[in-house]
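Let's walk through this model together, starting where the chains meet and then turning to one chain on its own. Keep the 3D view open as you read.

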Amino acid sequence: MATKSGRVISAEKPFRWKQALLKWEVFLVIIFIAVNIMNACISPYYMSVNGLFTATSSFLEKSFIVLPMAYVLLLGEIDISVGATVALSACMLGISFNAGMPMGAAVLICLLTGSLCGALNGLILTKFQELAPMIVTLGTQILFRGIAEILLTDQATGGFTKVAWFKNLYWGKVGPVPIMFLIFAVCAAVFGVIMHCTTFGRRMYAIGSNPLAAKYSGIHVQKIRFIIYTITGTFSAVTAIFLASGMGSARSNIASGYELEAISMAVLGGILTDGGKGNFPGAILAIFILGFLRYGLGLVNVASQLMMVIIGLLLIVVVMVPNLNLGRIFKKKETKA
Amino acid sequence: MSEYVLELKGITKIFPGVKALDGVHFQLKAGEIHALMGENGAGKSTFIKVITGVHKAEEGEMFLNGKKVNFRGPRDAQEAGIAAIYQHVTAYPHLTVAENIFMGHEKVKHGIIQWKAMNEEANGLLRELNADFNATDEMGALSVAQQQMVEIAKALSMKARIIIMDEPTAALTKRESEELYRIAEKLREEGASIIFISHRFEDMYRLATRVTVFRDSKYIGTYEVDQISNGDLITAMVGREITDLFPKPEVKLGKEVLRVENLSRQGYFKNVSFSVKSGEILGLTGLVGAGRTEVVQTIFGAERYDSGKIFVEEKEVRIRKVQDALRLGIGLLTEDRQHQGLILDWGIGRNITLSEIEKYGSKIFTNEKAEREAAKKLAEEVDTKAVTIFDKASSLSGGNQQKVVVAKILASDLKVLIMDEPTKGVDVGAKAEIYAIMGELAKKGYAIIMISSEMPEILGMSDRITVMCEGRVTGELKRGEATQEEILKLAMAKSLKAAQ
């Protein structure tokens with residue numbers, strides 16, 4: 001098969017070593033290894049099956065938000081209401097449970113609350129398409145947090161540890177593997193497969209790259225946006241469940257700043273905020289890089305303020321790297337010499 | 001002093017991997033309008049950027065009034081009296097006309113902008129150009145033609161002696177183009193020299209005394225406009241002879257595929273009716289702003305309609321969204337292929353299969369292998385100039401991008417193809433190829449609706465021509481009966497009536 005003018009267009013992807021090695025994920029793997037070496041040097045107990053899994057428990061509960069956040073960023077949008085959604089969902093869980101409902105029902109109510117919060121974002125943003133997601137979700141962030149504070153004032157709602165299965169969601173293990181880790185692994189795999197192997201995933205990339213072209217290609221742009229915002233709410237509620245399970249109680253001020261952590265993890269993973277870029281494995285790697293780094297710094301008792309400085313700087317440096325034109329820097333040096 | 005105000009010798013410009021200009025020459029006489037022609041990718045735009053100091057040439061010399069010059073940046077070129085008006089007007093839409101004119105060289109006294117003086121001078125320049133708007137109007141509220149006039153005023157405000165226009169008429173209507181011709185003549189009479197790039201032969205005949213042709217980054221020649229034939233010029237540009245620009249095949253028309261009756265949308269178009277048969281090419285023409293694009297966007301489901309009926313194969317249908325239209329077999333090649341048709345960051349393969357990923361895989365999962373095979377076949381069918389299907393769409397020329405969009409709608413099982421300005425911004429060689437593809441599609445039984453503002457294209461390719469004016473259909477002409485004058489009369493029917 002060839003064109004009329006005899007040209008053959010290849011359907012084989014050209015493979016270039018340089019390109020493959022310069023991939024963002026390769027870079028992330030290197031950082032990941034570096035962080036682990038650092039941690040192993042700090043603590044002799046770190047490099048063990050138990051030590052590593054214990055470390056994951058310190059950050060996995062909030063990492064459930066990163067999964068849908070990767071989708072939101074892939075669309076070129078942002079959702080900063082997730083932290084407040086976690087708080088509101090957790091409060092609803094506690095209130096339902098302490099009102100005498102069985103824990104199973106309370107969990108369902110928690111998930112429903114999160115989904116409704118997400119759906120509200122989605123509804124506003126798809127019905128009023130000219131609104132900026134940053135502003136709308138800033139509004140709902142304040143709204144959700146406000147409702148949570150009205151519901152619980154400054155009280156805690158607790159007693160979750162009475163229900164063994166619920167406590168085990170966070171604390172339980174299958175052999176050496178925490179249950180939360182297993183659930184996270186399954187969710188991450190599903191999210192990854194959806195992003196890279198399904199028509200839904202391809203359409204997300206299309207919308208993020210050029211929403212207008214996506215519309216003219218017959219893609220239900222608004223429907224997909226709505227679904228993604230709703231899922232983001234649902235998974236904020238999942239985080240709320242694990243958080244409540246871990247702490248045994250809930251307050252209205254929990255999970256503040258989670259939105260920024262989730263966004264920084266996804267962005268570090270290469271899913272840039274301008275949409276249509278990045279791969280899912282990158283986001284997963286970034287979760288573990290930032291998580292392990294924080295854990296390692298905690299081991300040597302670095303003050304949390306200093307930890308913020310270190311992580312902030314790391315994030316800035318890391319996202320700057322692809323924008324540095326290394327070739328040009330070298331060239332300038334040559335001409336100077 | 002030299003006979004030439006501007007002379008370039010042996011200019012070579014190399015971008016990583018490509019020679020964008022290869023030893024080209026150019027001479028501009030004082031008070032001359034000089035056309036620069038060539039296919040897309042021939043190096044014209046790069047050449048302009050060398051003159052205006054945006055790019056620095058690796059080799060070659062440039063002389064201004066006989067003196068050798070060496071521009072370090074656009075600022076140097078501006079100070080030397082060279083101004084360029086680019087294809088896409090690069091204006092600040094939220095600022096006033098005067099602010100746009102004086103952007104970068106505002107009238108300042110002790111660090112404070114002198115608004116009154118600036119507005120007055122801007123109005124003076126606009127009057128000179130016969131403009132029908134004011135210096136204090138907002139730029140974004142103006143039409144493309146008016147914005148271009150602002151750019152010209154800007155050039156004048158900088159006392160430019162050499163004015164470069166890159167495709168100035170591409171987005172203009174017939175009447176607006178006339179206005180531009182008039183202004184260009186006036187500038188020339190006042191002693192300015194003008195270089196302009198255009199794909200329209202009409203521009204060249206109307207304005208230029210000489211024409212320089214580039215091809216594949218090389219200088220081909222400079223000719224006196226009244227001494228070179230159309231055919232020779234095309235041969236010079238394309239490097240081969242194009243015997244028949246409009247290869248319209250004789251096709252036996254089939255059954256009616258699409259009919260619209262009294263389609264209306266408040267504020268855009270009213271009571272639009274037409275039909276198209278299988279194998280037929282229906283030309284839809286009119287001046288820019290006549291509502292043609294809005295009508296086809298509505299049929300494609302991208303916009304809603306208020307009243308009227310749409311029939312596909314004699315059955316009445318409701319089209320509410322793009323998905324409805326695609327399912328009914330109606331496809332649209334949008335006018336703005338860079339924003340609406342393609343994802344420029346993506347490879348051409350993924351672009352081609354985007355609307356039909358479910359067809360190659362399943363409802364849920366994609367099938368990359370099947371997609372690649374299909375994309376390869378379709379890209380070859382329309383003869384895209386690409387090495388692999390992973391070449392980014394942004395790396396292709398306008399004509400080849402258009403071919404990719406055609407391949408993309410061929411991926412769907414369609415009956416009706418609507419093509420909105422299919423050859424806009426496409427060079428002569430690729431134009432002929434796109435016409436050939438259209439002819440073949442008609443032969444295969446597609447019903448084609450082609451929107452175009454270019455008379456030769458409408459007359460050369462259509463079986464029937466529907467003319468619109470200010471949102472209404474003002475007439476329908478058969479192939480053979482239609483003439484340029486008659487179409488124009490219908491296209492301006494409303495304003496003619498108003499004038500009477």
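In this predicted model, 32 residues of chain A are in contact with 46 residues of chain B. Three residues of chain A stand out here: A:Ile9, A:Arg202 and A:Tyr216 supply 26% of the area that chain A buries against chain B, more than any other three residues. Counting both partners, chain A and chain B bury about 3300 Å² between them, with 57% of that area on carbon and sulfur atoms.

What about the polar side of this interface? The rule finds 20 residue pairs in polar contact across it, both residues of each pair being at pLDDT 80 or more. Three salt bridges also turn up between chain A and chain B. One you can look for joins A:Arg203 to B:Glu358, where the closest N and O atoms are 3.1 Å apart.

Now colour chain A by its helices. On the side that touches chain B, the elements giving two or more residues are H10 (179–197), H11 (199–209) and H12 (211–216) of chain A. H11(A) has the largest share, with six residues. By residue class, this side of chain A divides into 14 nonpolar, ten polar and eight charged residues.

Finally, turn to chain B, which has 19 helices and 22 strands. Its C-alpha trace spans about 70 × 55 × 50 Å along the principal axes. A compact globule of 500 residues would have a radius of gyration near 23 Å, so the 24 Å of chain B agrees with that expectation. Buried residues make up 53% of chain B. Among its contacts between residues at least 6 apart in sequence, 65% join residues at least 24 apart.

Notes. Residues are numbered from 1 along each chain as its sequence is written. Chains are lettered from A and ligands numbered from 1 in the order in which they are written. This is a predicted model: local features need pLDDT of at least 70, side-chain atom pairs count only at pLDDT 80 or more; totals for chains, interfaces and linings use all residues. Side-chain values use heavy atoms; hydrogens and water are left out. Contact means heavy atoms within 4.5 Å. Buried area is the accessible area (1.4 Å probe) that two parts lose on being put together, summed over both. A salt bridge is a side-chain nitrogen of Lys or Arg within 4 Å of a carboxyl oxygen of Asp or Glu. A polar contact is a pair of N or O atoms within 3.5 Å; within protein, one must be able to donate a hydrogen and the other to accept it, and residues adjacent in sequence count only if both atoms are side-chain atoms. Helices (H or I, at least four residues) and strands (E, at least two) are DSSP runs, numbered from the N terminus. Ala, Val, Leu, Ile, Met, Phe, Trp, Tyr, Cys and Pro count as nonpolar, Asp, Glu, Lys and Arg as charged, and the others, Gly among them, as polar. The radius of gyration is taken over C-alpha atoms; the globule rule is 2.2 Å times the number of residues to the power 0.38. Buried means under 20% relative accessible area, exposed over 50%, partly exposed in between (1.4 Å probe, protein chains only).
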